[in-house]
Amino acid sequence: MPANTALDAETRAKAGAEAGPPAEAVAPLIRGTAVLRRLTEAGGTLSPSALERSTGLARSTVDRIAATLARMGYVRLDGRDVILTPRVMELGNAYLAALRLPALLDARADALADELDESVSLAVADLDGIRFIHQATRRRAMSVSFRIGDLLPAERTAPGTLFATEWTQADWQRWRARRAEDPADASFPAVPPRSESPADDFGQRAQQAARDGWALDDQLIEPGLVAVSVPVREPGTGRLACAVSVVSHTSRHSAAGLRTSLLPRLRTAVAAMEADLREAPPPQPGPAPSGLAIWTTASKHELGREFVESLARGLTVLTVFGEGRSALSLTEVARATGLSRATARRALITYEHLRLVAAGPDHTFTLTPRVLDLGFPPLSRTTLPRLAEPHLRDLAGRLHEPTALAVPAPGAEAEIRYTAGAGASRVLTVDIPVGARLPAASTSLGRVLLADAAGPLPPALAEVRAQGYALADEELESGLRSIAVPVRDRAGRAVAAVCVATHPARRTLEDCVHDLLPALRETADRIRTDLHTASRFTRVALT
């Protein structure tokens, strides 16, 4: 990008905070990202009226943005609500993939959490805050509720204290300005409001952390929550790449106890993480997305003024970043998206203003952690049943037959467990409650899952594996006929199955294969796509 199109990074940050958008910024893109942020802050669901109030946009503008985001698969319009969908996580996935740290370090973090039986997180700096990029959370009655993508004020965290050891004078000035403007931390919805301003010892704590090489959070976020953090440093430069924290509560560990009992093992894990970073092979970029501009143009022709093409084109710019594509030039962005250089340039200028993209001295652009603000946190702890339910309802509505999702029952290889379902408007319908356990061999759902086992199979299951679906004809109960297909995870394993049930008087076995199977497979593909997107950097529970 020509030098005269970008300001010095520090000047840009200050200008973005104090001035309005640049003349070349794309206004619909600013409005669209505002809608995504409000949805994120609200937990993923808001009515159009609530979006109108929270963004200050006209109702007609909100409706057009919602329609565009729905066309992109980023939201679902469900009655009176606009609801974030798993596909919006591809924006955050682009940042996390480009960063590489979760892929390289999350296994170490998970192992440390298992070893210590405490929650472990990875966090990066985000201006005068910190943002989580990985969470290994212990599931207890009293557990930590932070999510990947949550933003916390630096001064109320142990990782923030570590990152402040590298702040410049301008960084400290920005922090002081923010504290003065937002003393209650209202701009950080992931943390409880600050009820009072304690003595400002953050600078002293940062100096102490610089000397010690670690930092402590003694109930800075809220009473009872304690954490200890150690920095992970970049190979070569020695600068902080991220911070690893062990988080607990005072009923298990005091702050002093974290230092004495857990800090040594945390440091050992961090040393292994730094070795992983040094020894990591160069990233191998996969194929960049293509044809995005063609898709947006076709959508505009189909939907007319209800589709905001400049918003859709702008959002596609974020998706071209990823592993091996962490820093891209204007030309590379334009080529990957199929957009003109002028259109790509305006999108990048807009994202600089929004602090979603940073421009480097070599005329390349990188995503910032703030991209995780666009829908990631509410969905980072989703489950497979939540992913599947909208698709099951849609399928039941189209076929006028009940649908269900099941997974292998824990601790019982010969059983399945119903985890989600959708009914049909019929007098005679299936009534199997969520949570019910059924014999796998007597159900189409179970047979599909049994057919995924390694090694040789009985002839009946071998046939199921070969054809990719299973039929069950009144074997569980008289009058119940069903057909099922698998739902596979990113490794290709059948982790769940989805089925359509019917009565023999309504459909023959041939009808099930010819009339139900195509729509059933399409639904399974949609659930699989959502599962793959959501589970790229998060754990999606099967129940």
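Q: How many salt bridges does a search of the whole structure find?
A: The search finds 43 salt bridges. The model is a predicted one.

Q: What makes the contact between Asp117 and Arg252 a salt bridge?
A: The N to O distance between their side chains is 3.8 Å. The cut-off is within 4 Å, between a side-chain nitrogen of Lys or Arg and a carboxyl oxygen of Asp or Glu, so the pair counts.

Q: Why does the pair of Asp117 and Arg252 tie together parts that are apart in sequence?
A: Asp117 lies in the loop between α6 (101-116) and β4 (119-126). Arg252 lies in the loop between β9 (240-249) and α10 (255-279). The two parts are therefore 135 residues apart in sequence.

Q: Why is Asp117 called partly exposed?
A: Its relative accessible area is 37%. Buried means under 20% and exposed over 50%, so Asp117 falls in between. Arg252, at 35%, is also partly exposed.

Q: What makes Arg239 and Glu166 a salt bridge?
A: Their side chains meet at 3.3 Å, N to O. That is within 4 Å, so the contact qualifies. The pair links distant parts of the chain, 73 residues apart. Arg239 sits in the loop between β8 (225-233) and β9, and Glu166 in the loop between α7 (158-164) and α8 (169-181).

Q: How do you know whether Glu166 and Arg239 are buried, partly exposed or exposed?
A: Glu166 has a relative accessible area of 24%. Arg239 has 45% relative accessibility. Buried needs under 20% and exposed over 50%, so both residues are partly exposed.

Q: Which residue forms a salt bridge with Asp201?
A: The partner is Arg205, with the closest N and O atoms 3.3 Å apart. Asp201 has 31% relative accessibility, so it counts as partly exposed.

Q: What joins Asp128, Glu155, Arg156, Arg178, Arg179, Asp185 and Arg194 into one network?
A: Salt bridges that share partners join these residues.

Q: What is the volume of the largest pocket, and which residues are closest to its centre?
A: The volume is about 1600 Å³. Of the 43 lining residues, Ala125, Ala358, Thr366, Thr368 and Pro369 are the closest to the centre.

Q: Which element gives the most to the lining of the largest pocket?
A: α1 does, with 4 residues. Elements giving two or more residues include α1 (9-18), α5 (89-99), β11 (357-359) and β12 (364-367).

Q: How do the lining residues of the largest pocket divide into nonpolar, polar and charged?
A: There are 24 nonpolar, 6 polar and 13 charged residues.

Conventions
Residues numbered from 1 in each chain as written. Predicted model: local features only at pLDDT ≥ 70, side-chain atom pairs only at ≥ 80, totals over all residues. Heavy atoms only, no water. Buried < 20%, exposed > 50% of the residue type's maximum accessible area, 1.4 Å probe, protein only. 1 Å grid on protein atoms, 1.4 Å probe; cavity = no way out; pocket = protein on both sides within 12 Å on 5 of 7 lines; lining within 4 Å. Points joined across faces, edges and corners; volume = space filled by probe spheres on them. Nonpolar A, V, L, I, M, F, W, Y, C, P; charged D, E, K, R; others polar.
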